[in-house]
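Biologist: Hi! I'm new to this one, could you walk me through it?
Modeller: Happy to, let's look at it together.

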Amino acid sequence: MAVATTAESQYQLKVSIDNGQNYKKIEHLQKADPPNNEKETDEITATDDTSEIIVPVNFTKTGELNFEYVLDPSDLVHISLQTLFDTNGKAKWQLKFDDPKVKGYEFEGMLKKLVEKPEKGKKLRMEAVLLITSKATKKLIT
């Protein structure tokens, strides 16, 4: 395997409050979990089967995305995140990998949790839980 062709893991979380026209990067992002891309399955083993039978179903759970960033109270995107949370607003989101050959995710969601995470000797972090309210589409994001 050629190491030079492996994908890089740097990524950005972006939000759009204008229905996907413009996406703004969340500055000082510390971490973000990708959306759950797991298929739903159903166990349909009959009483006379001799082994378990599991099949995929055409159903997707939307899930949540946890992320954390260092707060800049003057950053317009950070202010927008607080407004989205305070007003129960929905927005369009992208999780974009910096490697142009790696597909990212695009989805709609609302902030379910946005709390300060003070820790002595560190800058103030915000811990967030994003409730994904649409199917997360995997696509190349430029």
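Modeller: One term to begin with: buried means under 20% relative accessible area, exposed over 50%, and partly exposed in between, with a 1.4 Å probe and protein chains only. This is a predicted model, where local features need pLDDT of at least 70, side-chain atom pairs count only at pLDDT 80 or more, and totals for chains, interfaces and linings use all residues. Residues are numbered from 1 along each chain as its sequence is written, and side-chain values use heavy atoms, leaving out hydrogens and water.

Biologist: Thanks! So are phenylalanine 67 and tryptophan 93 buried or exposed?
Modeller: Both phenylalanine 67 and tryptophan 93 are buried. Phenylalanine 67 has a relative accessible area of 2%, while tryptophan 93 is at 0%.

Biologist: How many aromatic pairs does the structure hold?
Modeller: It holds three. Rings of Phe, Tyr and Trp (its six-membered ring) pair if their centres lie within 6.5 Å; planes under 30 degrees apart count as stacked, over 60 as edge-to-face and the rest as tilted. Phenylalanine 67 and tyrosine 69 have ring centres 6.1 Å apart and planes at 20°, so that pair is stacked.

Biologist: And how are the rings of phenylalanine 67 and tryptophan 93 arranged?
Modeller: Their centres are 6.1 Å apart with the planes at 55°, so this pair is tilted. It links distant parts of the chain, as phenylalanine 67 is in strand 6 (residues 64–70) and tryptophan 93 in strand 7, 26 residues apart. Strands here are DSSP runs (E, at least two residues), numbered from the N terminus. Phe67, Tyr69 and Trp93 form one aromatic cluster.

Biologist: Switching topic: why is strand 7 largely enclosed?
Modeller: Six of the eight residues of strand 7 (residues 90–97) are buried, so the rest of the structure largely encloses it.

Biologist: Which way does strand 1 run against strand 7?
Modeller: Strand 1 (residues 11–16) and strand 7 run antiparallel, joined by six bridges; two strands pair if DSSP finds at least two bridges between them. Valine 15 is opposite tryptophan 93 there. Strand 7 also pairs with strand 8 (residues 104–117), antiparallel over six bridges, and these two form a hairpin with six residues between them.

Biologist: Back to tryptophan 93, which backbone oxygens does its side chain reach?
Modeller: The side chain of tryptophan 93 reaches the backbone oxygen of alanine 91 at 3.4 Å and that of glycine 109 at 3.3 Å.

Conventions:
Helices (H or I, at least four residues) and strands (E, at least two) are DSSP runs, numbered from the N terminus. A polar contact is a pair of N or O atoms within 3.5 Å; within protein, one must be able to donate a hydrogen and the other to accept it, and residues adjacent in sequence count only if both atoms are side-chain atoms.
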